[in-house]
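I set out to record what I looked up in this model, entry by entry.

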Amino acid sequence: MDRRTFLHHVFLWTAGLTVTIPRFRVSTAFAGQSSTSRLAVGKDIDYGLLVEKTLAALNGMNAFIRPGDKVVIKPNIGWDRSPEQAANTHPLVVKALVEHALEAGAAKVQVFDRTCNEQRRCYKNSGIEDTLKGLKNKKVSLEHIDQRKFVPVDLERGKSLSRMEIYRDVLEADSYINVPVAKHHGLSRLTLGLKNSMGVIGGNRGKLHFNLGQKLADLATVVRPTLTVIDATRMLLRNGPQGGSLNDVQISNTVIASADPVAADAYATTLFGLKPEEIASTKAAYDLGLGEMTIDNLQIIEV
Amino acid sequence: MANRKHIIPLSRWRQLSQAVCLLLFLFLFSKTDYTGSDQLEYAVNIIFRFDPLIATAVMLAAKSVVLLLLPALILVALSLLLGRFFCGWACPLGTLIDLVHPLLKSHNPALDTRFPRLRYGILAFLLSAAFFGLPLVGYLDPFSLLVRGLTLAVEPAINHAATSFFTFTYQKAPALVNLVTEPLYDFLQATILPFSQKHYHLVYLSMAILATVFLLELNQRRFFCRNLCPLGALLGLLARFGLMNGAGGNDACGRCTTCRNICRMGAIDEQRHIDMAACTLCLECLDKCPRSTIIFNWKKPLTLQTGYSGSRRFFLGSLTAGALLPLFTNVRGLAKVTNQRLIRPPGALGEKEFLSLCVRCGECMKVCIGNTLQPVFLEAGIEGMFSPKVDSRLGYCEFNCTLCGQVCPTGAIRELQLTEKHTFKIGQAFFDKNRCLPYARGIPCMVCEEHCPTADKAIKFNETMATNDRGQQVQVKQPFVVAELCIGCGICEHKCPLPGAAAIRITNAGETRSPDKALPVASAGYG
Ligand code: SF4
Ligand code: SF4
């Protein structure tokens, strides 16, 4: 029992109540999947323009956000590293997505990550805090994780995990946009979209490393992005996931976007010269029917 | 100060000054934290640099002039001029004691200071012990005591209470209540609450020591300042030989003892003479004297100073004790073999120098964003209590952080530049292969490798076959540490997902600050 649950219990006991664990029900029934997954790949040195044209290839942000929606944009802000070091999502990519979400009529855009290094240092040195502050828009919030917001969720279709604590705002969002940065990872080889969603779960994440690929797929049964945008503007090729040396970074000026989280990861894998099935989470998610991983079955639009 | 009634009583000005100083202190305390820039703007450490007790003890212990502590001369000069005003007008601990006094009033206030010689004995003992190699001044220095108590116990407890309360309202109270409580919580977080919940060893001990200072009020007013405070004793000595003089009552006072009865320091004797070694110039007597007899001025009185003149024997005894006790420190087992888990903060000086300079103020533990700096109990000997150590299971040292070196008031932890910090070895990680999952049970893990922050990772891995729990051969990545790259930041030990002790642990082997702990190198004959 962690401190928070303990407290919770103490309060309940002192209030003379019995302990009930609140559960959050998430529908895991999938909407009919289209036979081909569409995927856009953009290349440009102007990251604002890059995001814009890549989204345009998927009919623009309006295809993913309706006016009045509560939107969560989840970049990787896990490390106390600068944008050049390629450990976090590039601030300009995040900024462009936030702007498009606002244009599409989002009522609220929340940006956050459960960081690995000290939270304030990550938000600050990733450049994301200052960039978003610069927007001066009240609808945009970059909040630090509030421990009280993790709620237990049953993973009905999970194979390796049956329950997880998930951040409430993600579950309640109308649109969840996952924005990982594409990079190397010692254990799982790469960290892409499915791995990025680990930033919305509570508890001891280190315990997930056993059978990580399956667990990430299990998580993906309930945390289902409306859109995945993989930031491969800079790719960390070695010493991931946090890097630190610019020698390990390759500038690629690329982003990949798709409504299909598995397809996005699968395609990004090829940028590293690997095959989609070499990434355990991609394979496991494909097996669970969460998306397409065969590159030939994808409808790829290059812009 | 003139001999007349003032429209605003002089003691009001003193209270104002006390309030301003206390608020300033608390402001600096709360700002002793990372706030978005690598370089700190404010820190409480400034008050330690004005503390002549710390300056004297530290320089005696280090046997050198510590430039950082020279501002203490300002307080020395001011005290020669104005007496022990600091205790009455500025000291945050004194102010807090005055504030709690109404709650802890004793029923039969003793007019005479209970142990009038004790504080001099303590002062003599601390200074002589410091000189002979047993640095203990931080235990009783009022600022150290206060900052440490607030850091290690009071602030975390307040934050915990607030978090618990607002977690309860958030999860259980109706939405209507949350309309009020949530903005309130936001406000408190933005203002007085610390950014994150910290956890410390020795919470109860720190709390008990601080609480005792206040509880002693039950015995007599300003008990700590009158009987124990070594800084007060030192400032009192300066005051005695300084210029400020208080002319108390005279024969014409008759049976009136108003001044004597209200003096919080017991500085006024039966003849109503004022002992400047005790008087903190609170000026209550001056305000309340019905005949307006009391005057403070810069004239030296013709009569000899009243008040306590230290008994030579007690004083010498304390000095001798301070000189003899350190003899025993060198014959402890500790003098030969140090505790391998005594890992000092990045930038800490060599152990002996470090302990001479460290004043146990707790500033580094307050500022440490990794919550890894923890007070030592007895691992470093009796003189090491409350000095900082790195507890890598509880927290870890942030790769890009240099805050502890910035707040250390004496330079016991020197300020490292970031590039130097990146290679400054505070210790060394070792795997416990009997527990490490990929080794012991063939289970993939490598959380340590993932978090290792050095640009060329100090944890690397081999992909090999291992035996799992069922006796099967499985392919797994097994991590290992490269000694030359590891800096001992401890994030690996902190994040290791095993319950209880981690399967990778830091020791102080190879630490940069102690050449004698250098790790064996293969090329140097260890092959
Ligand atoms: S120990 Fe490390 S994290 Fe803590 S204050 Fe010092 S440099 Fe920062
Ligand atoms: S202590 Fe651990 S995480 Fe830190 S540098 Fe050494 S191996 Fe890496």
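**Entry 1: a helix of chain A**

I began at A:Asp260, which caps the N-terminal end of H9(A): one of its side-chain oxygens lies 2.8 Å from the backbone nitrogen of A:Val262. I note that helices (H or I, at least four residues) and strands (E, at least two) are DSSP runs, numbered from the N terminus. Helix H9 of chain A covers residues 261-271, and nine of its eleven residues are buried. By buried I mean under 20% relative accessible area, by exposed over 50%, and by partly exposed in between (1.4 Å probe, protein chains only). Among the buried residues of H9(A) I listed A:Pro261, A:Asp265 and A:Tyr267. After H9(A) comes A:Gly273, which has a positive phi, near 75°.

**Entry 2: conventions**

The model is predicted: local features need pLDDT of at least 70, side-chain atom pairs count only at pLDDT 80 or more, and totals for chains, interfaces and linings use all residues. Residues are numbered from 1 along each chain as its sequence is written, chains are lettered from A and ligands numbered from 1 in the order in which they are written, and side-chain values use heavy atoms, with hydrogens and water left out.

**Entry 3: chain A as a whole**

I recorded ten helices and twelve strands in chain A. Of its 303 residues, 61% are buried. I then looked up A:Thr191, which is in strand S9 (residues 189-191) of chain A. A:Thr191 counts as buried because its relative accessible area is 4%. Its contacts (heavy atoms within 4.5 Å) include A:Val181, A:His184 and A:Pro241, with residues up to four places away in sequence not counted.

**Entry 4: salt bridges within chain A**

Side chains of opposite charge can pair when their charged atoms come close. The rule for a salt bridge asks for a side-chain nitrogen of Lys or Arg within 4 Å of a carboxyl oxygen of Asp or Glu. A:Lys133 and A:Glu129 form one, with their closest N and O atoms 3.3 Å apart. Both lie in helix H5 (residues 128-133) of chain A, four residues apart, about one turn of the helix. A:Lys133 is exposed at 55% relative accessibility, whereas A:Glu129 is buried at 17%.

A second salt bridge joins A:Asp248 and A:Arg238, at 3.1 Å between the closest N and O atoms. Both residues lie in the loop between strand S10 (227-236) and strand S11 (249-258) of chain A, so the pair ties together parts that are ten residues apart in sequence. A:Asp248 is buried, at 7% relative accessible area, while A:Arg238 is partly exposed, at 42%.

**Entry 5: where the chains meet**

How many residues of chain B are in contact with chain A? I found 42, in contact with 39 residues of chain A. Four salt bridges are counted between the two chains. One of the links across is the salt bridge of A:Arg148 with B:Glu182 (2.7 Å, N to O). Another salt bridge pairs A:Arg120 with B:Asp33 (3.0 Å, N to O). This pair crosses from helix H4 (residues 119-125) of chain A to the loop between helix H1 (10-31) and helix H2 (45-49) of chain B. Both A:Arg120 and B:Asp33 are buried.

**Entry 6: a ligand**

Last, I looked up ligand 2, which 13 residues surround, each with a heavy atom within 4 Å of it. Among the closest are B:Cys452, B:Cys486 and B:Gly490.

Key:
A polar contact is a pair of N or O atoms within 3.5 Å; within protein, one must be able to donate a hydrogen and the other to accept it, and residues adjacent in sequence count only if both atoms are side-chain atoms.
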